[in-house]
Amino acid sequence: MEDLIVKLKGEIIEQLNFEDLTVDDIDTDAPLFGPDGLGLDSIDALELILILEKKYQIKITEADDGRSILKSVRTMSDFIMKKKA
Amino acid sequence: MKSVFVENYSVLTGLGCNVEDNFNSILAGGCSINTEDFHGGKISLSRINNDAADRYSFKDVNISRLEKHLIISIEDALSSSSVYPEDPSTIFLISTTKGNIDNLDAVNPFKTDARRIRLHEMALFISSYFGNPNRPVTICNACISGLSAIITAKYLISAGKFKNAVVCGGDIISDFVMSGFSSLKAVSGEPSRPFDETRNGLSLGEACGALILTNENKAEEQILVAGCASSNDANHISGPSRDGGGLLLAIEASMREASICVDDVTSISAHGTGTVFNDEMESIAFERASLSDIPVYSLKGFFGHTLGAAGIIESILSIHAMKKNIILPSGGFVKPGISGNISVSAEHLYSQNNICLKTGSGFGGCNAGVVFKKNV
Amino acid sequence: MQGWCLKKMSDIIIKSHCSINGTSAVINGVSTLFNGDFAEGIRELYRSNNISYPKFFKMDNLSKLAFLAAELVLKDVELPEKQDRLKTGVILMTSNSSLDTDCRFSQSINNPEEYYPSPAVFVYTLPNVMAGEICIRNSFQGENCVYINEVCDWEFLAGNVRSMFESGKLDACICGWCDLFMEDFNADIFYVERCEENQDYIPFKNENIEKIIKNL
């Protein structure tokens with residue numbers, strides 16, 4: 001699980017072009033969106049969905065609650081674990 | 001400063017090869033957006049006009065789809081115009097967002113001269129085809145390209161640099177553009193419904209238009225390009241600003257230049273893409289501009305969002321409506337789903353239509369407003 | 001900048017100029033080396049000028065070039081308060097449009113086995129987004145346009161910008177040339193504004209534009 005979280009953080013940094021961030025800089029439970037976390041915007045949200053599709057072959061459907069899934073690195077990795085199980 | 005008049009025009013969309021066919025189709029509720037095999041309104045020359053398909057087979061020339069469409073609509077506009085394209089006092093302006101981008105597609109039977117992937121090369125090809133001696137002006141300003149081209153033409157004519165301008169705009173539907181808008185989850189699975197409460201995205205369409213402008217007042221009640229302006233939201237590169245502030249600036253500046261007030265405006269041809277955010281932002285901007293009671297419509301429900309052609313063809317159809325004293329309907333609209341208080345109707349209206357405000361917004365946060373005014 | 005002409009009230013003046021290419025970055029005649037390829041050189045310019053703007057790293061190369069050129073041209077300029085920048089415009093010309101990013105986006109969709117179109121790349125497949133980035137950074141809300149031409153048509157560009165000042169649409173403007181395709185790039189940017197005070201200045205006229213560009 002921890003491996004997945006580290007891997008996911010690395011992918012977020014790369015895909016979203018966070019040049020000055022390292023994996024250690026990202027708080028696993030901090031909100032990804034909004035002023036308290038990484039401050040991602042709507043395009044970043046779409047890029048996160050692309051990470052799930054490209055790296056984990058998981059598609060977020062209309063039935064999934066996108067907001068909850070993408071809330072934090074933790075919720076994203078929980079979702080991946082659930083889908084892979 | 002010279003006044004700038006509309007002299008002639010033509011439009012080519014999935015609905016028809018000329019303005020009359022497009023206009024009548026719109027009044028009859030036509031829609032060229034085919035979402036079964038393709039989420040967009042593609043131009044099929046043989047489907048809309050067999051004559052055009054025969055006349056413009058271009059067997060001898062290596063020409064792209066977009067170039068073919070541009071030539072068709074420019075020729076149609078020039079055919080009943082007294083403006084000579086070879087005249088050095090005539091300037092060509094070409095508006096396009098992606099030009100011959102299908103040249104980058106993996107599979108493309110229309111692969112044109114590789115140089116003409118560059119927009120200015122394509123523009124030069126078009127203006128040279130018509131024998132124009134001047135280097136054309138090429139505008140690439142996202143979805144307001146067409147309006148930016150009209151704004152630039154107005155400057156060139158009113159400053160006395162040229163007497164006439166052939167202002168053309170066009171874009172084609174390509175895998176490139178389709179993939180891009182789909183990746184933004186901006187495309188609707190059905191024909192777009194601007195300002196409607198059930199709207200869920202845009203439809204892509206392809207079109208070309210040619211608008212001929214001149215400094216000569218040749219006819220009674222000729223339409224003037226009376227005022228224009230562009231602006232930027234300075235907010236986000238793809239999402240419109242929530243308070244409509246940028247668009248409001250463009251609207252007010254264009255009306256100021258046209259020396260008109262809100263009560264003078266008889267119709268508004270909006271950008272109205274059918275996305276939740278754009279239409280919401282526009283409605284707020286119109287209300288803030290005190291334009292709540294003025295009939296507003298979007299034409300994108302009839303032929304889709306035609307990108308570089310949009311500003312040109314939607315202006316042309318609105319100008320045509322002004323001449324006929326008709327206010328066009330808003331395609332795909334049933335019930336309002338925006339928080340701005342505006343007056344949208346799915347029905348056309350027979351009413352004096354002397355002053356039309358055309359607006360547009362696009363990626364990069366840009367906005368534009370152009371005021372067309374009947375010279376009475 | 002030293003005044004070259006007679007002083008006049010309410011003239012349109014060149015407040016600052018910057019150019020960036022593969023060899024050097026020049027701000028108002030003062031030159032620094034552009035080191036390495038585009039990616040290295042632009043990153044070094046960003047850091048050595050103490051710019052802190054994380055969104056910079058999300059931009060495509062064309063926007064990075066335009067953004068940096070604007071940062072440098074405005075480096076020693078005192079801008080008015082944000083609410084007074086409603087009539088500051090961005091009018092640019094380019095040759096390759098967004099072709100550099102277009103090729104990148106195209107690569108992400110050409111293989112049906114690896115079909116992953118990136119929205120973050122797609123939004124940069126329009127050249128006017130570089131103008132948008134400058135506007136967002138500086139709260140500029142005035143006239144906006146991007147023109148495409150093989151080389152910079154300064155007469156057209158300056159004439160167009162001057163007419164926007166004359167009609168009252170602009171009080172200031174970032175204008176000029178910004179072009180990039182792979183490792184071929186250059187930017188030549190002016191910041192022009194209305195001159196209200198009696199001071200030394202350079203009028204925004206074709207002969208002065210030519211003098212400044214050719215000095216490099």
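The model is predicted. The predictor assigns the complex an ipTM of 0.96 and a pTM of 0.96.

- Beyond four places in sequence, Leu213(B) is in contact with Val4(B), Phe5(B), Val6(B), Glu7(B), Ala153(B), Ile157(B), Asn164(B), Ala165(B), Val167(B) and Val225(B).

- Chain B is divided into domain 1, residues 5-214, and domain 2, residues 223-374.
- The centres of these domains of chain B, taken over C-alpha atoms, are 20 Å apart.
- In the contact between them, 60 residues of domain 1 of chain B meet 55 residues of domain 2 of chain B.
- On the side of domain 1 of chain B that touches domain 2 of chain B, the elements giving two or more residues include the strands β1 (5-12), β2 (40-41), β5 (164-171), β6 (204-205) and β7 (207-214) of chain B.
- Helices α1 (19-27) and α6 (145-158) of chain B also give two or more residues to that side.
- Helix α6(B) gives the most to that side, with 8 residues.
- By class, that side of domain 1 of chain B has 30 nonpolar, 23 polar and 7 charged residues.

**Phe303(B)**

- Phe303(B) sits in helix α10 of chain B, residues 300-303.
- Phe303(B) counts as buried because it has 34 C-beta neighbours inside 10 Å. The cut-off for buried is 20 or more.
- Leaving out residues up to four places away in sequence, Phe303(B) touches Thr13(B), Gly14(B), Leu15(B), Ser32(B), Ile33(B), Gly41(B), Gly205(B) and Ala207(B).
- Thr90(B) is 213 residues from Phe303(B) along the chain, and their C-alpha atoms are separated by 30 Å.

**Helix α1 of chain C**

- Helix α1(C) covers residues 38-48, and its buried residues are Gly41(C), Ile42(C) and Leu45(C).
- Seen down the helix axis, these buried residues fall within an arc of 95 degrees, so they line one face of α1(C).
- Ala39(C), Glu40(C) and Arg47(C) are exposed on the other side of α1(C).
- The cover over the buried residues of α1(C) includes β2 (24-27) and α2 (61-73) of chain C.

**Contact between chains A and C**

- Chain A brings 10 residues to the contact and chain C brings 8 residues.
- The side of chain A that touches chain C has 4 nonpolar, 1 polar and 5 charged residues.

**Confidence in chain C**

- The mean pLDDT of chain C is 92, and 94% of its residues reach 70 or more.
- Residues 1-9 of chain C stay under 50 in pLDDT.
- For residues 1-9 of chain C, the model has 11 contacts beyond four places in sequence.

Notes: Residues numbered from 1 in each chain as written. Chains lettered and ligands numbered in written order. Predicted model: local features only at pLDDT ≥ 70, side-chain atom pairs only at ≥ 80, totals over all residues. Buried ≥ 20, exposed ≤ 12 C-beta atoms within 10 Å, placed from the backbone. Helix = DSSP H or I, 4+ residues; strand = E, 2+ residues; numbered from the N terminus. Arc of directions from axis to C-beta. Contact = placed C-beta atoms within 7 Å. Nonpolar A, V, L, I, M, F, W, Y, C, P; charged D, E, K, R; others polar. pLDDT = per-residue confidence, 0-100. Domains from an automatic or database assignment.
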